[in-house]
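Hi,

Here is the structure I promised you. Please open it and keep it beside this email while you read.

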Amino acid sequence: MKASKAFTNRIGALLLTALVALACARTVSAAQQEPVYCVVCGKGPLSGTIWKHRHGTFCAECKARPERCDHCGLPILNDFLKTKDGRYICKFEKDEVVVDEQQAKLIFNQSVKSVLYLTRNVMRLKGPAPDVRLFDIDYWNENSSMRRGGFSQTRQVGNNFTHNVILLSGLPKDELVTVCAHEYTHLWINENKESDREIEFHTIEAICELVGYLVAQRAGFDEQLERIKKNPYTKGRIDELLEANRQYGLFKVLEWVRTGQNARVSLAGGSASASSSGMTPPPAPAPTPKGASSSGAQGNGLKLTSITRTAKGYRAEINGVQIYGRELKRIAVNGRPANLQCHRVTADSALVTVNRGTPVELKLSR
Ligand SMILES: [Zn+2]
Ligand SMILES: [Zn+2]
Ligand SMILES: [Zn+2]
């Protein structure tokens with residue numbers, strides 16, 4: 001008799017953190033040195049109460065606009081993208097998000113390649129390549145404060161597996177890469193965990209997150225590392241898994257999935273390393289250099305080439321784009337489009353943030 005089994009990773013997906021309007025009010029005094037313009041409608045110089053947002057400042061009129069960006073909560077006026085299910089993506093993020101199924105499939109394949117590289121093909125699936133689809137309507141997200149970026153399913157008939165993956169449209173590319181790695185890991189676990197082997201639900205999610213984390217690390221997606229660590233989804237198990245990975249390496253974690261006894265990784269008892277199945281894990285691959293910065297004297301893909309004093313103040317040229325303090329511009333970083341937020345330009349330096357990451361001080365090399 002052939003056993004037929006379906007594994008559905010019910011909450012088997014990445015959650016996005018709460019989509020709260022990340023803005024706070026501030027009052028501009030007439031004596032304020034620098035004029036402030038609304039990043040949404042362009043009006044200004046603004047006075048009175050304004051709203052600060054990570055993409056810039058917006059006015060009270062825009063504060064009242066009902067449409068908000070699905071990712072960052074910025075009011076929507078023009079130059080936006082609307083998904084078929086009615087979600088808005090703002091002008092700062094619309095070029096970063098994936099709404100095309102072909103592109104999503106390519107990203108899935110790239111993500112899988114990275115997983116296979118990191119695991120020296122240990123995580124290659126037995127079954128045929130998963131069927132990957134992009135879905136607009138996030139019908140599986142019942143909880144409005146948390147949202148899932150993907151969904152995966154495995155069907156087993158005898159020793160044959162077939163896999164399906166659904167990805168949420170409108171996710172930023174770097175996030176989608178980690179979602180793909182997460183879902184792929186579910187499929188691998190479905191193939192490799194014995195049916196009588198119990199692994200705690202949150203631990204399974206954390207293992208999937210760990211693989212997403214390592215793929216993000218390899219790609220230099222620092223924001224995703226932070227997002228995964230802060231994601232409440234794994235109930236803190238991600239910390240245990242990151243620690244297990246640090247102490248024993250990913251291969252031991254995968255081996256534990258296959259042959260371990262416990263439902264949770266217990267670091268004190270060393271269960272992640274205790275498995276003595278005789279399987280020798282391959283050596284961990286050497287860490288890849290991050291970002292592969294070409295011109296980057298700064299090592300982060302950013303090159304500050306000049307600073308000019310103009311009537312408006314100091315203007316920096318970074319990766320060929322001219323930018324003043326407090327401006328936000330699109331630039332190319334390591335061949336990828338990115339948002340460059342400039343905080344301050346001085347006579348010989350610029351303080352900037354790329355894609356809402358950690359601020360970096362760029363020095364003019366003489
Ligand atoms: Zn999951
Ligand atoms: Zn406005
Ligand atoms: Zn946005």
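The site of the zinc ion (ligand 2) is tetrahedral, with angles of 104 to 115 degrees among its four donor atoms. For comparison, the ideal angle for four tetrahedral donors is 109.5 degrees. Keep in mind that this is a predicted model.

Which residues hold the zinc ion (ligand 2)? The SG atoms of C38, C41, C59 and C62 coordinate it, at 2.2 to 2.3 Å. Along the sequence, these donor residues follow the spacing C-x2-C-x17-C-x2-C. C41 and C59 link distant parts of the chain, 18 residues apart. C41 lies in the loop between β3 (24–28) and β4 (48–53). C59 lies in the loop between β5 (56–58) and α1 (60–63).

Are these two buried or exposed? C59 has 5% relative accessibility, so it counts as buried. C41 is partly exposed, at a relative accessible area of 26%.

Next, look at T353. It sits in strand β19 (residues 349–354). T353 is buried because its relative accessible area is 7%, and the cut-off is under 20%. Its side chain makes a polar contact with the side chain of H343, at 2.4 Å. Beyond its neighbours within four places in sequence, T353 touches N339, L340, Q341, H343 and P359.

Last, two helices. The axes of α6 (residues 237–248) and α7 (residues 250–259) come within 7 Å and cross at roughly 115 degrees. From α6, the contact uses L241, A244, N245 and Y248. From α7, it uses L250, K252 and V253. Five of these residues are nonpolar, one is polar and one is charged.

Best wishes

Methods:
Residues are numbered from 1 along each chain as its sequence is written. Chains are lettered from A and ligands numbered from 1 in the order in which they are written. This is a predicted model: local features need pLDDT of at least 70, side-chain atom pairs count only at pLDDT 80 or more; totals for chains, interfaces and linings use all residues. Side-chain values use heavy atoms; hydrogens and water are left out. Axes are lines fitted to C-alpha atoms, for helices over the stretch in contact, and angles run from 0 to 180 degrees between N-to-C directions. Helices (H or I, at least four residues) and strands (E, at least two) are DSSP runs, numbered from the N terminus. Contact means heavy atoms within 4.5 Å. Ala, Val, Leu, Ile, Met, Phe, Trp, Tyr, Cys and Pro count as nonpolar, Asp, Glu, Lys and Arg as charged, and the others, Gly among them, as polar. Buried means under 20% relative accessible area, exposed over 50%, partly exposed in between (1.4 Å probe, protein chains only). A polar contact is a pair of N or O atoms within 3.5 Å; within protein, one must be able to donate a hydrogen and the other to accept it, and residues adjacent in sequence count only if both atoms are side-chain atoms. Donors are N, O and S atoms within 2.8 Å of the metal (3.2 Å for Na, K and Ca); water is not among the atoms, so sites may look incomplete. Four donors count as tetrahedral if all angles lie between 85 and 135 degrees; four count as square planar and six as octahedral if opposite donors are over 155 degrees apart and all others between 65 and 115; anything else is irregular.
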